[in-house]
Amino acid sequence: MTTAKRDTYTPETLLSVAVQVFIERGYDGTSMEHLSKAAGISKSSIYHHVTGKEELLRRAVSRALDELFGILGEEHACVGSAAERLEYVVRRMVEVLMAELPYVTLLLRVRGNTDTERWALERRREFDHRVADLLKAAAAEGDVRADVEVRLATRLVFGMINSIVEWYRPEGPDGRGGAREREVVDAVARLVFGGLRKAS
């Protein structure tokens, strides 16, 4: 492991290291000692930047949540038919997941054992409900099939999107390049909306 010089560490680079360690060891299985070794700096240097590992967790899941909630305020998420807005939101969710892969991966792995984790789970549920509301609106407008219950459809859509964290690697499994972002976004949109759209 290469150790960085202390003066090259910023709160952002420390956060990046912490997220990787949390993903590898689990948040509960990570100590400040693990973080200091991974960062190549002393524990006191970490405390210069943050109050502890829970602050690092909150910053990391906040980054993912802020990006996801930001989608809902974008113009194309707010105008057009519910089905058009839903497709836009689904596509953007996949883009955000891939752009912020380690942060979203960590968000999806929190279990509710700390105040920060419970807060993150509550925010995730809020986001899920907002997307489910779009799906309900699209069904009410007659643009998506009504024979699949909305809660089930929402869970299946989120399941497909969230599973990307388990297999997507920008560099590919062999290090020579993976699926392009646009390919993944388009494939998810085709599968989701090919299954949800009402047959014409």
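Guide: A cavity is a set of grid points where a 1.4 Å probe fits but cannot get out, and its lining residues have an atom within 4 Å of a point. The model discussed here is a predicted one.

Visitor: Which residues lie nearest the centre of the largest cavity, and how many residues line it?

Guide: The lining comprises 13 residues, and L68, L108, F127, F158 and N162 lie nearest the centre. Each lining residue is counted because it has an atom within 4 Å of a point of the cavity. The volume of this largest cavity is about 130 Å³, and the structure holds two cavities of 30 Å³ or more.

Visitor: What are the domains of the protein, and how far apart do their C-alpha centres lie?

Guide: The domain assignment gives domain 1 as residues 2-50 and domain 2 as residues 61-194. Their C-alpha centres are 29 Å apart.

Visitor: What is the area buried between domain 1 and domain 2, and which atoms give 63% of it?

Guide: About 700 Å² is buried between the two domains, and carbon and sulfur atoms give 63% of this area. Of the area that domain 1 buries against domain 2, V19, I23 and Y27 supply 54%, more than any other three residues.

Visitor: Why is the pair R63 and E12 called a salt bridge?

Guide: The closest N and O atoms of R63 and E12 are 2.4 Å apart. The limit for an Arg nitrogen and a Glu carboxyl oxygen is 4 Å, so the pair qualifies as a salt bridge. The count between domain 1 and domain 2 is one salt bridge.

Visitor: How many residue pairs are in polar contact across the interface of domain 1 and domain 2?

Guide: Two residue pairs are found, both at pLDDT 80 or more.

Methods
Residues numbered from 1 in each chain as written. Predicted model: local features only at pLDDT ≥ 70, side-chain atom pairs only at ≥ 80, totals over all residues. Heavy atoms only, no water. Domains from an automatic or database assignment. Buried area = accessible area lost by both parts, 1.4 Å probe. Salt bridge = Lys/Arg side-chain N within 4 Å of Asp/Glu carboxyl O. Polar contact = N/O pair within 3.5 Å; in protein donor to acceptor, adjacent residues only side chain to side chain. 1 Å grid on protein atoms, 1.4 Å probe; cavity = no way out; pocket = protein on both sides within 12 Å on 5 of 7 lines; lining within 4 Å. Points joined across faces, edges and corners; volume = space filled by probe spheres on them.
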